[in-house]
Amino acid sequence: MAILSRIAGACALATLALAAHAQPAYPNQPIKVIVPFPPAGGTDIVTRMVLEKIRLSTGWNLIVENRPGAGGNIGMDGVAKAQPDGYTLGMGQTANLAINPSLYAKMPYDAAKAFAPVATVAGQPVVLVVNSNSKYKTLADLVSAAKAKPETLTMASAGNGTVGHLTGEVFTRQAGIKTLHVPYKGAGPAANDLLGGQVDYYFATPQTVLAFLKAGKLRALAVSSSARLPALPEVPTVAEGGYKDFQTSDWKMLVAPAGTPPAILTKLQAEVAKALARPDTISTLQAEGSTPMGGSSQEAAKLLAAEQKRWTAVVRESNAKLD
């Protein structure tokens, strides 16, 4: 009986080994990456670029699916509710992963629990810009004017609760000034009114204003990053203007549904790191005002937790809300 038992046990182990060996390696089918914004926007362009580098390196079949709406909440909800098998991913942002949970009265997912971070892809500051005809030549000029006449200077934003709006709120508090917030329905209308002189200043994404800066139609006073941007090397940081440790960023993070196996996350993270290390990726991101980030999944998770805590406090202090 003992011999038969040992034989049976050996057969069972052999069967399990064969079954494990027969398991197809990940990935063995297309990987869908949900971009929660329309095609041709900043997040969509960066996502497609990074995925193309991964495809060239691995031969994987990577498909982008755009699901815009509700500040990115609709697309990210699709990621949150997908099977955690590595075949549905999402490109989240500061807005839909860290700001929206406090900004919206009701969220379709719990941003702190619904996702497994793969890697932080890129970070981008906002740029404080004024019309080229503006009398404000420096950050100090703007602050002095705001202190001289509180609540008269107008600050444009691409909308309530956007990174630009909330960066402006952080700055006004740190600078000890009060200005009037003028929210627009998107970056384009805000930039147009700044160009037309209807508003005084605007915390804008680099993509929105780089062409206008190069054409001499707008003037940049500061960037919100901790270091100067390669695309705008002559523009000082807000911190250089005397506001110690000032830094905000609109980052992009590749995430999977919570519960995705760690081995899959590690494999995905390694390929993202390779894509971000390519010289052509670095130069392309820097040209649009972004900085490649990368790092481990654990580092991405730490960043996400810290940013959720930070922006929750900023939203609360600003009283910004969306239904």
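This is a predicted model: local features need pLDDT of at least 70, side-chain atom pairs count only at pLDDT 80 or more; totals for chains, interfaces and linings use all residues.
Because six of the six residues of β3 (residues 88-93) are buried, the strand is largely enclosed by the rest of the structure.

Strand β3 is paired with β1 and with β10. Strand β1 (residues 31-35) runs parallel to β3 and is joined to it by three bridges, and within this pairing Lys 32 stands opposite Thr 88. With strand β10 (residues 252-257), by contrast, β3 pairs in the antiparallel sense, over four bridges; here Met 91 has Leu 254 of β10 as its bridge partner.

Empty space in a structure can be located by rolling a probe the size of a water molecule over the atoms. A search of the whole structure returned one cavity of 30 Å³ or more, and the largest cavity holds about 50 Å³ of space. Its lining is made up of Val 33, Leu 51, Ile 54, Trp 60, Leu 62, Leu 89, Leu 254, Leu 268 and Val 272, and the elements that contribute two or more residues to this lining are α2 (42-58) and α9 (262-277). By class, the lining of the largest cavity comprises nine nonpolar residues, with no polar and no charged ones.

The largest pocket contains about 730 Å³ of space and is lined by 31 residues, among which Phe 37, Gln 93, Ala 158, Thr 162 and Asp 250 lie nearest its centre. At least two lining residues are supplied by each of α2, α4 (94-103), α6 (163-175), β8 (201-204) and α8 (206-214). The lining of the largest pocket divides into 13 nonpolar, 15 polar and three charged residues.

For the second largest pocket, the space amounts to about 220 Å³. Its lining consists of 14 residues, of which Gly 123, Ser 225, Ser 226, Ala 227 and Thr 291 lie nearest the centre, and by class this lining has five nonpolar, eight polar and one charged residues.

Note on methods: Residues are numbered from 1 along each chain as its sequence is written. Side-chain values use heavy atoms; hydrogens and water are left out. On a 1 Å grid over the protein atoms alone, a cavity is a set of points where a 1.4 Å probe fits but cannot get out, and a pocket is an open set with protein on both sides within 12 Å along at least five of seven lines; lining residues have an atom within 4 Å of a point. Grid points are joined across faces, edges and corners, and a volume is the space filled by probe spheres set on the points. Ala, Val, Leu, Ile, Met, Phe, Trp, Tyr, Cys and Pro count as nonpolar, Asp, Glu, Lys and Arg as charged, and the others, Gly among them, as polar. Buried means under 20% relative accessible area, exposed over 50%, partly exposed in between (1.4 Å probe, protein chains only). Two strands pair if DSSP finds at least two bridges between them.
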